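Work through the exercises below with the sequence and the model in view. Try each task before reading its solution.

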Amino acid sequence: MEKFKIKGDFIQLNQLLKVMGWCESGAHANTSIENGWVKVNGETELRKRNKITAGMVVSFNHQSVNIE
């Protein structure tokens, strides 16, 4: 599992997917979220701008990241 340290209080879910290199564009990130392919703390997440904070785990396409 990868680790990612946020700067500030949170990062939006669609931005995280781009920063991690899991999606090549914002449109791809948004489509992936809308299709239910992204999980936050083991639950399917459909909110593109969900605020991801320290302690959360985000999973997509057989990859996971622990937010610090």
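**Exercise 1.** Where in the chain is the place of Glu-45, and is Glu-45 buried or exposed?

*Solution.* The model is a predicted one. Step 1: Glu-45 sits in the loop between strand E4 (43-44) and strand E5 (51-52). Step 2: the relative accessible area of Glu-45 is 9%. Buried means under 20%, so Glu-45 is buried. Step 3: apart from neighbours within four places in sequence, the contacts of Glu-45 are Leu-13, Ile-33, Val-38, Lys-39, Val-40 and Asn-50.

**Exercise 2.** Take Val-38, one of the contacts of Glu-45, and find its strand, its burial and its contacts.

*Solution.* Step 1: Val-38 belongs to strand E3. Step 2: Val-38 has a relative accessible area of 0% and is therefore buried. Step 3: with neighbours within four places in sequence left aside, Val-38 is in contact with residues including Leu-13, Leu-17, Ser-32, Ile-33 and Val-58.

**Exercise 3.** Which residues of helix H2 (residues 26-34) are buried, and what covers them?

*Solution.* Step 1: the buried residues in H2 are Ala-29, Ser-32 and Ile-33. Step 2: these residues lie on the same side of H2, because they cover an arc of only 100° around the axis. An α-helix has 3.6 residues a turn, so residues three or four places apart point the same way. Step 3: the cover over the buried residues of H2 includes helix H1 (13-19), strand E3 (38-40) and strand E6 (57-60). Step 4: just after H2, Gly-36 has a positive phi of about 80°.

**Exercise 4.** Describe the order and pairing of the strands in the open sheet.

*Solution.* Step 1: the sheet has 5 strands in the order E1-E7-E6-E3-E4, with mixed pairing. Step 2: strand E1 (2-4) and E4 are at the edges; each has a single partner strand, so one side of each is left without a neighbour in the sheet. Step 3: E6 and E7 are antiparallel and pair over 4 bridges. Phe-60 is opposite Gln-63 in E7.

How values were computed. Residues are numbered from 1 along each chain as its sequence is written. This is a predicted model: local features need pLDDT of at least 70, side-chain atom pairs count only at pLDDT 80 or more; totals for chains, interfaces and linings use all residues. Side-chain values use heavy atoms; hydrogens and water are left out. Helices (H or I, at least four residues) and strands (E, at least two) are DSSP runs, numbered from the N terminus. Buried means under 20% relative accessible area, exposed over 50%, partly exposed in between (1.4 Å probe, protein chains only). Contact means heavy atoms within 4.5 Å. The arc is that of the directions from the helix axis to the C-beta atoms. Two strands pair if DSSP finds at least two bridges between them.
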